Amino acid sequence: MDYARSEPPIALKILVAGGFGVGKTSMVGSISEIRPLRTEEVLSDVGVGVDDTDGIEEKRTTTVAMDFGRLTLREGLAVYLFGTPGQQRFWFMWDELSLGALGAVVLADTRRLTDCFPSVDYFERQGTPFIVAVNCFDNAQRYEPGDVRIALDLDADVPVMLCDARKRESVKHVLITLVEHSMRTMATSVR
Ligand SMILES: Nc1nc2c(ncn2[C@@H]2O[C@H](COP(=O)(O)OP(=O)(O)OP(=O)(O)O)[C@@H](O)[C@H]2O)c(=O)[nH]1
Ligand SMILES: [Mg+2]
């Protein structure tokens, strides 16, 4: 690529956060064009009673550092995706991961909605633009985005949407919504 004559490459950093087992690793994996870097460890007997796998009994591994994936939107414009670890004992990673992030997707599971409170709090405190994407698990009751907004006590300008973390098109839609929201937020804050 001849960077001397073209614009310098732009990299957007996006975080995928949320509670334990909500689908963060799945989301990064379904959209990444490179084989995603994963830091999965097998859930062991030691975690029984600590790691709550209700509703995700099939889950065998958990992220201990981060997920990493990449998506090229056009030549010279790439999105780097960082999935955060879900379990509280790995949260010390978050400050490093969130440095320079354009925004964050907070994934939510309506069967355990309170699990995403810490992520929402974290990004509100940091002033990082975020959206909430409800990952619709097959056996979970469906709620309207408006109900989720009320339950999470979100500001009116925070987008809330439904998604399927396993489907590329759905994840693409989530990322576009986040980028648009981040742009709007930045435009308002420099005014
Ligand atoms: N039915 C359904 N299952 C899903 C979906 N997304 C993920 N799963 C399953 O749910 C489990 C959790 O997925 P992960 O992607 O590992 O979740 P995570 O948020 O990265 O988990 P931690 O890193 O351990 O916090 C796995 O068993 C997935 O196969 C979904 O959208 N629908
Ligand atoms: Mg994970």
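Visitor: Which residues come nearest to ligand 1?
Guide: Lys24, Thr25, Ser26, Thr62 and Asn135 come nearest, out of 19 residues around ligand 1. A residue counts as near when one of its heavy atoms lies within 4 Å of the molecule. This is a predicted model, in which local features need pLDDT of at least 70 and side-chain atom pairs count only at pLDDT 80 or more, while totals for chains, interfaces and linings use all residues. Residues are numbered from 1 along each chain as its sequence is written, chains are lettered from A and ligands numbered from 1 in the order in which they are written, and side-chain values use heavy atoms, leaving out hydrogens and water.

Visitor: How far is the side chain of Asn135 from an oxygen atom of ligand 1?
Guide: An N or O atom of the Asn135 side chain is 2.7 Å from a ligand oxygen. Lys59 has a polar side-chain atom 2.9 Å from an oxygen atom of ligand 1. For Arg166, a polar side-chain atom lies 3.3 Å from a nitrogen atom of the ligand.

Visitor: And how much of ligand 1 does the protein bury?
Guide: The protein buries 85% of the 650 Å² that ligand 1 exposes when taken alone. These areas come from the Shrake-Rupley method with a 1.4 Å probe.

Visitor: Which elements give two or more residues to the shell around it?
Guide: They are helix 1 (24-31) and strand 3 (61-63). Helices (H or I, at least four residues) and strands (E, at least two) are DSSP runs, numbered from the N terminus. Helix 1 gives the most, with three residues.

Visitor: Why is helix 1 said to be largely enclosed?
Guide: Six of its eight residues are buried, so the rest of the structure largely encloses helix 1. Buried means under 20% relative accessible area, exposed over 50%, and partly exposed in between, with a 1.4 Å probe and protein chains only. The buried residues of helix 1 are Lys24, Thr25, Met27, Val28, Ser30 and Ile31.

Visitor: Changing topic: is Ala165 buried or exposed?
Guide: Ala165 is buried, and its relative accessible area is 0%. Ala165 is placed in the loop between strand 8 (160-163) and helix 5 (168-190).

Visitor: Where is Asp147, then?
Guide: Asp147 belongs to helix 4 (residues 145-152). With a relative accessible area of 42%, Asp147 is partly exposed.

Conventions
A polar contact is a pair of N or O atoms within 3.5 Å; within protein, one must be able to donate a hydrogen and the other to accept it, and residues adjacent in sequence count only if both atoms are side-chain atoms.
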